[in-house]
Amino acid sequence: MTGKPVQGERARPIQMLIWYPARKGGEPVRYGDYVRTEATDEAFDRTAAQVEAQVATVRKEIETRLGAAPAAAMLAQRM
């Protein structure tokens, strides 16, 4: 921070997601679904393959910390 006024564009796009159970018996949002949204939080133009790669990286990090079974349980947890 310089204390000087910002020059140029100050706005940035933000990702908005609305999860609403629009139909009876719909699927709940799981933590793994939330992890997927992080892949496009600031880079909206990522391909499906890039999103999957990011999700795989996060999954591997969680598995490394917790172990495979606890990581799977955590990712399946309802939000």
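Contact, as the word is used here, means heavy atoms within 4.5 Å. Helices are DSSP runs (H or I, at least four residues), numbered from the N terminus. The model is a predicted one, in which local features need pLDDT of at least 70 and side-chain atom pairs count only at pLDDT 80 or more, whereas totals for chains, interfaces and linings use all residues. Residues are numbered from 1 along each chain as its sequence is written, and side-chain values use heavy atoms, with hydrogens and water left out.

Helix α3 spans residues 68-76, and its axis lies 7 Å from that of α2, the two packing at an angle of about 130°. That angle makes α2 oblique to α3, oblique being what remains once angles under 35 degrees are taken as roughly parallel, over 145 as roughly antiparallel and 65 to 115 as roughly perpendicular. The axes themselves are lines fitted to C-alpha atoms, for helices over the stretch in contact, and angles run from 0 to 180 degrees between N-to-C directions. On the α2 side the contact is made by R59, I62, E63 and L66, which meet A68, P70, A71, M74 and L75 in α3. Sorted by class, this contact has seven nonpolar residues, no polar ones and two charged ones; Ala, Val, Leu, Ile, Met, Phe, Trp, Tyr, Cys and Pro count as nonpolar, Asp, Glu, Lys and Arg as charged, and the others, Gly among them, as polar.

E61 also belongs to helix α2, and at 44% relative accessibility it counts as partly exposed, a label for values between buried (under 20% relative accessible area) and exposed (over 50%), with a 1.4 Å probe and protein chains only. From E61 to A71, ten residues along in sequence, the C-alpha to C-alpha separation is 9.3 Å.

Helix α1 covers residues 31-38 and helix α2 covers residues 48-66, and their axes come within 9 Å and cross at roughly 125°. With that angle, α1 is oblique to α2. Here Y31, V35 and R36 in α1 meet V51, E52, V55, V58 and I62 in α2. By class, six residues of this contact are nonpolar, none is polar and two are charged.

T37, which sits in helix α1, counts as buried at 13% relative accessibility. A polar atom of the T37 side chain lies 2.6 Å from the backbone oxygen of Y34. Leaving aside neighbours within four places in sequence, T37 is in contact with Q15, L17 and W19.

Beyond the helix, T40 is found in the loop between α1 and α2, where it is buried with a relative accessible area of 17%. With neighbours within four places in sequence again set aside, T40 is in contact with Q15 and V51. Q15 is therefore listed for T40 as well as for T37.

The C-alpha atoms of A53 and Y31, 22 residues apart along the chain, are separated by 17 Å.

Conventions
Polar contact = N/O pair within 3.5 Å; in protein donor to acceptor, adjacent residues only side chain to side chain.
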